[in-house]
Structures are given as structure tokens and as C-alpha cells.
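Morning, everyone. Please look at the screen for a minute. I want to talk about aromatic rings and strands.

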Amino acid sequence: MKKLSGVLLATLLVAALAGNAGAKPTTVFEDPPGDAGLSSQSQPLPGADQAGFDITSGSIEKVKNDLKFTVAHAAMPPSGALPEGFRLMWHFSVNNEQYRFTIKSVDIGKPDPLSGPNGQERVGQVYLDGAFRLETFEEGQTVGTLTMPVYTVVAMLDGVFDPAAGTVTVTLPMKAVKAKKGSVIAGGTGGASDTGCQICWIPHYAERSLTPHTVIDAAVQTATYKVR
């Protein structure tokens, strides 16, 4: 009986290791290189790729109880991206609930009078290794040409800029978005996605009046990811 139990245990262990080894990130979008620039990609700008703004693909994978979202780029400077002046966004849905990531290579928390009570958790904080924020988001009131987005910070997440690989990865705990086996992650349909900014790099200030003309490079999540 002990021998049989040992054989069974070894078999299960080998199967588990084989399953983990076979797990790979799932590509959920691709974007052609060389199109980063101005006016929602219609005017490629030389040097935008070397500045770390030229998106080429994105993937999602499950690692234990987390989901890892990775955005690949044509190139990236040692800083990951120009600090403070630019941000990467990824709008997505989990079982039709809308979320977005707001990501910066460096973030200096400061009061934001346009966001009301939201976003104040950053005040007095400095994130030298990057800031990776999970938010719920909707367009707010428009005053003249200025649109004031309304967002709620769900969590500050772990993430990393990898200049050598040209990637940005954010780790999302499944419990933060109530994801579980069978949950479907799709491209976001709310927030700023109607401006051509479902997945995009924009100037830091431009979130307040986001239009296709303020998008440096953008991509669209064309495939869904089902949590297994």
C-alpha cells in the first residue's frame, strides 16, 4: 500500500510539474512597430520607439492566484519611459466589469484638485520604481475642451519596467477584480477607449482632455483571456 501511494504521489507530482512547465502567456493583442507618434498613430514620430512608447504586443497569464498583464515595446530607455511626463493605460473588463491600469515609470504623488477625493492616496508618496494603479473609470463632466475623468482607485499593484526586455508587467491579484476559474478578461469598452485609447501611451496631462490627438501609440485587445 505504501509503495502504491508512493507511485501515485510521484505520478501526480510529475503531472503537476508538466502542467506548470506547459503554461505560457496568452497573446491578447499585437500592434505594428514603427507607428508611435501623434494623432492616434497617423503621424509616426522618429524617436518615439526609443523613448519606450512603441507598443508591439500584450499578453496575460495566470501565476498562482495572480494575473500578469505584460505590454511589449519595440525598445525602451534605461528609465523604462520618461518619468512623470507620460503614462500607460490598459482598459479591460473582467466578467463585463470595467477596469483600467494606469502605469508610470516614476510617480510623485501630489494633490489633484480635478479628481476630488480620488487619487489622494498618492499625496506625499514617491514611487521611484514605478506606479501601477488599478482603477474603475468613467468620463466625467466636460467644461469647454477639458474633460474631467472620474476614477476610483481600487488598489496599488506590483509591477516592473524591464528595459532590457522592453516590457511593462503588472501583477493583478485575482481577488482584486473578483476573478476566478472561468472568468473572461476582454478589452474595455468604457472610460477612454472611445478615444482610441484602450491600450495606449499618453502625455501625463492629457488624461484630463483625452482625444485621439493626445495618444502617442495605441492598441486594441483583440482576443479574450479565460482564466483556467
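Start with phenylalanine 92. Its relative accessibility is 0%, so phenylalanine 92 counts as buried. Keep in mind that this is a predicted model.

What does phenylalanine 92 pair with? Phenylalanine 69. The two rings sit 5.0 Å apart, centre to centre, with 40° between their planes, which makes the pair tilted. Now the sequence. Phenylalanine 69 is in strand E5, residues 66-73, and phenylalanine 92 is in strand E6, so the pair ties together parts 23 residues apart. Phenylalanine 69 is buried too, at a relative accessible area of 1%.

Ring pairs join Phe29, Phe69, Trp90, Phe92, Tyr99 and Phe101 into a cluster.

How many aromatic pairs are there? The count is 9. One of them is phenylalanine 53 with phenylalanine 86, tilted, at 4.7 Å between centres and 45° between planes. Phenylalanine 53 lies in the loop between strand E3 (43-44) and strand E4 (55-63), and phenylalanine 86 in strand E6, residues 86-94. That is 33 residues apart. Phenylalanine 53 has 5% relative accessibility, under the 20% cut-off, so it counts as buried.

Back to E5. Of its 8 residues, 6 are buried. Which strands does E5 pair with? One is E4, antiparallel, over 8 bridges. Serine 57 has alanine 72 in E5 as its bridge partner. E4 and E5 make a hairpin with 2 residues between them. Lysine 64, in that turn, has a positive phi of about 60°. Another partner is E15, residues 167-173, also antiparallel, with 7 bridges to E5. There, aspartate 66 has proline 173 as its bridge partner.

Note on methods. Residues numbered from 1 in each chain as written. Predicted model: local features only at pLDDT ≥ 70, side-chain atom pairs only at ≥ 80, totals over all residues. Heavy atoms only, no water. Phe/Tyr/Trp six-rings, centres within 6.5 Å; stacked < 30°, edge-to-face > 60°. Helix = DSSP H or I, 4+ residues; strand = E, 2+ residues; numbered from the N terminus. Buried < 20%, exposed > 50% of the residue type's maximum accessible area, 1.4 Å probe, protein only. Pairing = 2+ DSSP bridges.
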